[in-house]
Amino acid sequence: MNYRFKSYIKFYLNFWIIILIVWSCAKPVSPTGGPKDETPPKITKSIPANGTTNFHGEEIVISFDEYVNLKDINSQLIISPPVRETPDFKLKGKSLLIKFKEPRRAETTYNIFFGNAIQDITENNALAGYKFTFSTGNVLDSMMIEGKVINSYTLAPVKSAYVMLYDSVYDSVPYKQLPYYIARTNDNGEFELTNLRNISYKIFALTDINANYLYDQPNEEIAFIDSLIHPWNVEIPSLLKHGLNHGDTTLMADSVVLRIRNDSIAITDTIKASPVQDSTAMKTDSLMVLNMGKKYIQMFHFREIDTTQNLLKTSLLRQNVLTLSYKRPVKNPKINILSGGYDGNPVIGQNRTNDTLTVWLPGYQADSIMFEMTDNKRILDTLEMSVKPRDKPGKKAENKGAVIHFTNNLSQGKIKPGSVLRLNFQDPLESYKFEDFVLIEDTIKAQGAKIMFADSIRTKVNIRYPWKEGIPYTLIVRDSLLTDIFGHHNDSTTLKFTGFREEETSSVSLKLDLPENTPYIVQLLDTKEKLIEQYFISQDMTINFKYLVPGKYKLKAIDDRNGNGIWDTGKYLAKIYPERVLYYTKELDLRANWTVEEQWQIPEPGK
């Protein structure tokens, strides 16, 4: 009995083991290893076919060879001409169904750009740049316009800006009417407007903050060309495919450049390689025609000055010190204190761009203040603000401003011969004894140093002296020589520094040839666009940048056509373009004990 039971158990165990082995061998599993799937989805068919004419249906079906997802369809999708109601997009099996919610225009070619929205579900491989085209008329329009949108001040490409065409040509059309055709710039600022009718258009570029295809927000940036643009045949090779880049010094000679200047046309027979990159926005943007039969539009992007004034932000820096930030510069600020009991003298300071005010209230005792801020006697705001910071629980209040401290403009503890030593104070000074400052050159007390304020509110002090290369200096400011408007005094301070030596620094001798005797701003910048030095010139001259810390630098010129010493933006309705900006495209890689000589011939506007 026991023997039969054991045989029975052994039989069934062997039976189930065999079944499990057979089942595991027959079970399909995903193969391991092998190359990663990098193939995007492929279109097997569409109803109607891509490029169909006389299409009046309500639905489009696009089928793929695999299952797909729609990723970021709201941001990736562009329909040109725009529709007021976005169609419904639905995935069914391996197909995408597009259902329109409104009638389309008659005799019009439509383009549906999907960007990178269509992706497979396994590896998210995108069907990049897919476009579906159909026409509601007998003809599929085949003209095109392409180009690049560039920041007018930095000349950097502008991505994700809408470039729009209008068949109505009145000036205010971008404010009131949806465009007839639309495209979006890529990461390189390039755009293509395809399947266009053979007519002239008004062209306008917009960074659309509220996504309604209208220029209706003051912080939206724009670009325009003040001439009608006629499209060209699609057979002309695309610059986006050939990678032409504005400012490229490798453009071949014997090319032809056609540039529009409002209603006039100037033709240049050749493009010569030269180390210059510029915006030709002095008179207009440019349309380039090259000898290979390519056309390319260049548009310069800017933000108009918003003439409305608004208070953007208020803050309490520290006790009795307020800041007010405005949208636009404040020219002549005054404060009228409405809360009573204060007979002190408030001080107002402004930043470099005059749009941020700092208000000091020496001797003010209350916890809050009510006041009016005016500009040229016009009331900007009536405000009530706290003037004392709140104490944090468990911490005693700290009087951080009890001692006067100052910063300086030294670089690595050294000063450039020919420059000034700048002392920057946190709060305006009330009294000062500059005559008791002691400057020691090497080991001898220096004579002839000139010390004076660099601003009207006494927060910046310049010390001028003929600093010598390699010589050590010591500035001694003894205790209580300075008193600020809050009654705080300075501690005894000793500042040690040395004059830069020529052999440890670099120099640049820049010979400038201007096209005409008009004002230019010439700037030396570091690689992060930080301003190092600038000059204002109006005639041919040589500029010497000396005692530069070794490193990489850039040169920039601004065609300051109104001579106000700053770069000015454009104004669309007044047909004013931003002031022309140029970069010397040769980066300056400076090393110690080097003197670099460069010549920069500034081209005439529009060339």
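Which residue lies over the face of Phe100, and at what distance from the ring centre? I looked this up in the model, which is predicted, and found that Arg104 lies over that face, at 4.3 Å from the ring centre of Phe100.

I then turned to the aromatic pairs, of which I noted a count of 30. I placed Phe100 in the loop between strand S6 and strand S7, and Phe134 in strand S9, so the pair ties together parts that are 34 residues apart in sequence. I noted Phe100 as buried because its relative accessible area is 6%, under the 20% cut-off, and Phe134 is buried too, with a value of 0%.

My next entry concerns Phe224 and Tyr577, which I call stacked because their ring centres are 4.6 Å apart and their planes are at 10 degrees, where under 30 degrees is required. Phe224 belongs to strand S15, while Tyr577 is in the loop between S46 and strand S47, 353 residues apart. I also found both residues in one aromatic cluster, whose members include Tyr175, Phe204 and Tyr215.

For another charge over a ring, I recorded the charged end of Lys556, which sits over the ring of Tyr153, 3.2 Å from its centre.

Last, I looked at the largest pocket, whose volume is about 1300 Å³. Among its 35 lining residues, the closest to the centre are Ile305, Arg352, Thr353, Ile566 and Trp567. I sorted the lining into twelve nonpolar, eleven polar and twelve charged residues, and I noted that S43 gives the most to it, with three residues.

Notes
Residues are numbered from 1 along each chain as its sequence is written. This is a predicted model: local features need pLDDT of at least 70, side-chain atom pairs count only at pLDDT 80 or more; totals for chains, interfaces and linings use all residues. Side-chain values use heavy atoms; hydrogens and water are left out. On a 1 Å grid over the protein atoms alone, a cavity is a set of points where a 1.4 Å probe fits but cannot get out, and a pocket is an open set with protein on both sides within 12 Å along at least five of seven lines; lining residues have an atom within 4 Å of a point. Grid points are joined across faces, edges and corners, and a volume is the space filled by probe spheres set on the points. Helices (H or I, at least four residues) and strands (E, at least two) are DSSP runs, numbered from the N terminus. Ala, Val, Leu, Ile, Met, Phe, Trp, Tyr, Cys and Pro count as nonpolar, Asp, Glu, Lys and Arg as charged, and the others, Gly among them, as polar. Rings of Phe, Tyr and Trp (its six-membered ring) pair if their centres lie within 6.5 Å; planes under 30 degrees apart count as stacked, over 60 as edge-to-face and the rest as tilted. Buried means under 20% relative accessible area, exposed over 50%, partly exposed in between (1.4 Å probe, protein chains only). A charge sits over a ring if NZ of Lys or CZ of Arg is within 6 Å of the ring centre and within 35 degrees of the ring normal.
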